[in-house]
Amino acid sequence: MSIRKMAHPFAAPQDGVAVIHLIITTIMYFGAIALGTAYFGNYPIMALAIIIFTGGGIRFFGAQHDCGHAAHFSNRTVNTVVGVILGAFTAHPYFAMRHNHNLHHRHIGNLDERDAHEVLTWTVAEYQAAGFWGKAFYRTYRSTPVIYFFGPIFIFFIRYRIPKNVSKTGWVDVILQNGLMIALWSAIYMIGGSTAFAFFMIANVFAACFGTFMVYAGHNFEDAYWEHEGGVDFEEASLRGASVLDFGPIFHFLTYNFAFHDLHHLYVKIPAYRLKACHEALADELHPTRMGWGEAIACVKWKLWDEDSKRMVRFSDLKEPVVLQPAE
C-alpha cells in the first residue's frame with residue numbers, strides 16, 4: 001500500500017476542530033496586539049507578544065491555505081468564504097493564493113516549472129553561463145538580507161497587493177482583499193491608537209520574515225529534490241523535496257503543523273490540524289529530512305542546484321575554470 005493510501009483516513013476535515021482552531025488563533029492574534037500595546041517599550045513582554053502574534057498570523061495563513069485546498073472545512077463554500085476573510089490577516093488575496101499555491105504543488109520538484117515556486121533557484125550550469133550582471137543579480141537575490149528581510153517585506157507589503165497571475169484569478173479578489181486589509185489596519189489604529197499600530201507593524205514585519213524563513217528551510221536544503229519535466233516522481237518530489245522542521249511541540253502549535261510539509265505535499269487534503277497525527281502514525285514509512293534550528297538557519301548557504309551531484313551547493317563549492325596563460 002502506498003503512503004498516500006495509508007494517509008487517506010486523515011484526509012477528512014473535522015468542522016468542529018477547525019472552528020476551535022480559528023477561535024484559538026483569533027484570540028492569539030488580537031490578544032498579542034493588546035499585550036504588545038499595553039506593554040509597549042517593555043522589550044521582554046513585547047518579544048513574547050510578537051511571538052504570539054507571529055503564531056496567530058501563520059496559523060491564519062495555514063487555515064487560509066487549507067481553505068484553498070478545500071481541506072479546512074467539509075463544505076467548499078465555507079472554505080471559500082473563510083479563505084477570503086482571512087486575506088485581511090494574511091495580506092494575500094484568496095483566489096490568487098489558491099491558484100499560485102496549487103501551481104507550486106502541481107510542479108513540486110520540476111526544474112522546468114520553477115516559476116511556480118516561491119524562491120528562484122538556478123542550476124550550477126545556468127549560473128556559470130550567466131554574465132556579470134546575471135550573476136550579480138542572483139547573488140544579491142540569494143543573499144541572507146534579501147532572503148530573510150528585504151524580500152519578505154517586499155512580498156508582504158507590496159507584491160501581495162497585486163500578486164502574480166491576477167489576470168487569471170480576477171481583480172475583484174484583489175480589490176476585496178485589499179479593502180478588508182485596509183479595514184483591519186484602520187480598526188487597529190482607531191481602537192488602539194498609534195502605539196497599537198506601531199506594535200502591529202513591527203510584529204507584521206517579524207511574522208513575514210519568520211514565515212519566509214520557514215518556507216525557505218522547507219524547500220531549500222542540501223538534499224532537496226529537482227528533476228526535469230518527465231523525470232519527476234510526484235511522491236518522491238513531495239517527500240524528498242520538503243523538509244520536516246523539528247523544532248518541538250510549541251513550534252508545531254504556533255505554526256499550525258507547518259513542519260510536516262512533506263506529508264502535506266503528498267496529500268493536500270489532510271487538514272493542518274491533522275498533519276502531526278498523520279505523520280506520527282506513518283512514522284515507520286516516512287523517512288523525512290529532519291532539521292533542527294541550526295540546520296534550518298544554515299540552509300541559507302545552499303544557493304544552486306547541481307545537476308551532476310543531485311544536491312544544492314554553495315557558491316564557494318563552484319570550481320572556477322582555470323585560464324591558461326600563453327607561453328612567453
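I looked up the second largest pocket and found a volume of about 180 Å³. A pocket here is an open set of points on a 1 Å grid over the protein atoms alone, where a 1.4 Å probe fits and protein lies on both sides within 12 Å along at least five of seven lines. Points are joined across faces, edges and corners, and the volume is the space filled by probe spheres set on them.

The model is predicted: local features need pLDDT of at least 70, side-chain atom pairs count only at pLDDT 80 or more, and totals for chains, interfaces and linings use all residues. Residues are numbered from 1 along each chain as its sequence is written, and side-chain values use heavy atoms, without hydrogens and water.

I then listed the lining of the second largest pocket (residues with an atom within 4 Å of a point). Among them are Ile51, Phe206, Phe247, Leu254 and Trp293. H3, H10 and helix H12 (249-254) each give two or more residues; helices are DSSP runs (H or I, at least four residues), numbered from the N terminus. H3 gives the most, with four residues. I sorted this lining into nine nonpolar, three polar and no charged residues.

Next I turned to the largest pocket, with a volume of about 1400 Å³. Of its 50 lining residues, Glu118, Ile155, Tyr160, Thr212 and Val215 are the closest to its centre. Helix H10 (171-219) is one of the elements that give two or more residues, and its nine residues are the largest share. I noted 26 nonpolar, 18 polar and six charged residues in this lining.

Technical notes: Ala, Val, Leu, Ile, Met, Phe, Trp, Tyr, Cys and Pro count as nonpolar, Asp, Glu, Lys and Arg as charged, and the others, Gly among them, as polar.
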